[in-house]
Amino acid sequence: MSVPWGTQLMAQLPASLPTQLTGHHVVLAAARPGGPSCLEANDWICGEYVRTRSQELLDATLQHIGITAASVVIGLLIAFPLALIARRWRAAAGPVLGLTTVLYTVPSLAMFALLTPVFGVSVSVVVTGLVLYSLTILVRNILAGLEAVPGEVREAARGMGYGSLRLLFGVELPLAIPALVAGLRIATVSTVAMTTIGSVVGYGGLGNLIASGMEGFFKAEVLTASVLCVLLALVADLLLLALQRLLTPWTRTQARARSRARRAARVTKAVA
Amino acid sequence: MDAITGAWQWLTSAANWAGEKGVWHRLGEHVQLSAVCLVISCLIALPVALWLGHIGKGGTLAVNLSNVGRAVPTFAVLVLLTLSPLGKQGEWPTVIALVLFAIPPLLTNAYLGMREADRDVVEAARGMGMSGPQLLLRVELPLAYPLIMTGLRSATVQVVATATLAALAGGGGLGRIITAGFGNYDTPQVVAGAVLVAVLALTVEGALILADRLFDPMRGRRRRTRGRGRRGGRGDDAVAIGKPA
């Protein structure tokens, strides 16, 4: 599928076409009344490519979203207990943070290559690699969020009879959500970008299109897939931001109250 | 376990280390490419960041740059540059891609370092009659040193990792051993190449941490005044701003 359409078209053109016309653009212009096709010209931007290959693009995008979502969700499920362990036992914090940082330093191509003998050539290689990368950011951010919970709040909750489990999920976790979502956004955006490298084992979502476009020297395929990839990262980032606003309504009322107070102060000053 | 013994055999056979496709040649390519790109990025990013930090402008640019850098896939940029007219100019597409991805961590960290230099200290120095350049070189730069080094470290890790990806777009370097292994379904070679890349990345990171400690202009003094908390905090900055490739 990596051969540009124009090449295939050229092969199918009947030999009876006027041969005195030189240059394949002219030949194609004769074959199609709509002018030279952007596929034939191998343009960077090509609406025809998007139209004719929409199914392929959709499949690649869905695979991309699936790999990213699975990696981030699994990463979050592993990072949360790791952060709790690092908080509970000080001695464990150093090794946990150190190990995740070492994993972060390993280049993604090497990470996928090292995981290949473990999982074979499969989607698990890509997801596992991406989970390991996301751990670094998620563990640190969850830990920072939990540690930033004011001591008085914790004391007050305990005084109200909160057990440690209810304290964690009812008080500390909600207060840590801004830090957690900040980490989740960084992890998601970099995971979307890194999923493309999964194309070395054939599971790279839009990265597969970039790789096949490179082999076939198909500019429209590469550019379209790259742009979709960046858009995907932006959309994911905005969705997570919206999720945070939804989950932490109190930060908005606080901000509103603060700005109202400021406005009131300004008014008083103006009156005085 | 087969893969480990296979990779060990691959790594211990002398034939794989010699010649045009051998480890030594690929390692040389990798290190040379990384070093050249790192120097170019420092020459571009650091003066800009120090100047912006000194005059206190361009904060949004510095922060947004690193966010954009994170969202753009390295692989896509490498391939796009290879397919562009630049692709016929030998190693230029790779060099440009590496420089593009090394600039955001350098610029952002150096800028933040300059801005976070204790304003009271800077004001005091100004009050003592220090001129702009003196202020920059003797006060702000030493105070910004930890974050500048953090930026340098994450840029270096980034460059070494991106240089590995250059192999996907037909470039040289150690990544070539991995991609060649994938191409031949030669798992031992894939694992051996991956081990070499990982060892190189970790060695470079370790060497930079060591250099950071050795060349700190405020060595000893900073630790005494601020305690260990400051040093411990550095890794967090690196992670928050860096981006794996």
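**Close-up views of a two-chain predicted model**

**View 1. The salt bridge of A:R185 and A:D237.** A:R185 counts as partly exposed because its relative accessibility is 24% (buried is under 20% relative accessible area, exposed over 50%, and partly exposed in between, with a 1.4 Å probe and protein chains only). The model is predicted: local features need pLDDT of at least 70 and side-chain atom pairs count only at pLDDT 80 or more, whereas totals for chains, interfaces and linings use all residues. Residues are numbered from 1 along each chain as its sequence is written, chains are lettered from A and ligands numbered from 1 in the order in which they are written, and side-chain values use heavy atoms, with hydrogens and water left out. The closest N and O atoms of A:R185 and A:D237 are 2.9 Å apart, which meets the salt-bridge rule (a side-chain nitrogen of Lys or Arg within 4 Å of a carboxyl oxygen of Asp or Glu). A:R185 lies in helix α9 of chain A and A:D237 in helix α11 (residues 219-247) of chain A, 52 residues apart. Helices (H or I, at least four residues) and strands (E, at least two) are DSSP runs, numbered from the N terminus.

**View 2. A salt-bridge network in chain A.** Shared partners join A:R87, A:R154 and A:E172 into one network of salt bridges. Side chains of opposite charge can pair when their charged atoms come close.

**View 3. A:R53 and A:E56.** These two residues form a salt bridge, with the closest N and O atoms 3.6 Å apart. A:R53 counts as buried because its relative accessibility is 4%. Over all chains, the rule gives eight salt bridges.

**View 4. The interface of chain B and chain A.** Here 39 residues of chain B are in contact with 41 residues of chain A (contact means heavy atoms within 4.5 Å). The buried area is about 3300 Å², and carbon and sulfur atoms give 84% of it; this is the accessible area (1.4 Å probe) that two parts lose on being put together, summed over both. Across this interface the rule finds zero salt bridges. The largest share of the side of chain B that touches chain A, ten residues, comes from α9(B).
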